[in-house]
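Keep the sequence and the model in view.

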Amino acid sequence: MDEPGNNTAWRDKFGDIWVRSDEAAKQRSESLGTLEEFHWWSLCESEAWDDQLRGSVGVASPWSSVEMHGPLEAADSDQVQRVVDALNRELG
């Protein structure tokens, strides 16, 4: 699978939602110094995540990390806004 486009959401084999947001990656890169090419976040809602990350958007990930959780299926695009809102709250 080629890397999906910006502002898309995908469900992995564990049921977690992964979202790509280039704008969030750029904003975090400018304010926190993170790598801009890490523009994927998970909603970390399944039991596959440890207690420290569950319920968060986790850490920025590159596509190579996300595709390891495949196969991926398209998810509701409303999930993109959930992740962007959560990231904005973290930045304060």
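**Exercise 1.** Is Asp 22 buried, partly exposed or exposed?

*Solution.* The model is predicted, and the values are computed from it. Step 1: take the relative accessible area of Asp 22, which is 25%. Step 2: apply the cut-offs, under 20% for buried and over 50% for exposed. Step 3: Asp 22 is therefore partly exposed.

**Exercise 2.** Find the salt-bridge partner of Asp 22, then trace the network.

*Solution.* Step 1: Asp 22 pairs with Arg 20, at 2.8 Å from N to O. Step 2: the side chain of Arg 20 also meets Glu 3 in a salt bridge, at 3.6 Å from N to O. Step 3: this pair links distant parts of the chain, 17 residues apart. Glu 3 lies in the segment before β1 (8-11), and Arg 20 in strand β2 (residues 17-20).

**Exercise 3.** Classify Glu 3 and Arg 20 by accessibility.

*Solution.* Step 1: Glu 3 has 33% relative accessibility, so Glu 3 counts as partly exposed. Step 2: Arg 20 has 13%, so Arg 20 counts as buried.

**Exercise 4.** Which residue forms a salt bridge with Asp 51, and how do the two partners classify?

*Solution.* Step 1: the partner is Arg 54, with the closest N and O atoms 2.9 Å apart. Step 2: Asp 51 has a relative accessible area of 66%, so Asp 51 is exposed. Step 3: Arg 54 has 29%, so Arg 54 is partly exposed.

**Exercise 5.** How many salt bridges does the structure hold?

*Solution.* The count is five. Among them are Glu 3 with Arg 20, Arg 20 with Asp 22, and Asp 51 with Arg 54.

Notes
Residues numbered from 1 in each chain as written. Predicted model: local features only at pLDDT ≥ 70, side-chain atom pairs only at ≥ 80, totals over all residues. Heavy atoms only, no water. Salt bridge = Lys/Arg side-chain N within 4 Å of Asp/Glu carboxyl O. Helix = DSSP H or I, 4+ residues; strand = E, 2+ residues; numbered from the N terminus. Buried < 20%, exposed > 50% of the residue type's maximum accessible area, 1.4 Å probe, protein only.
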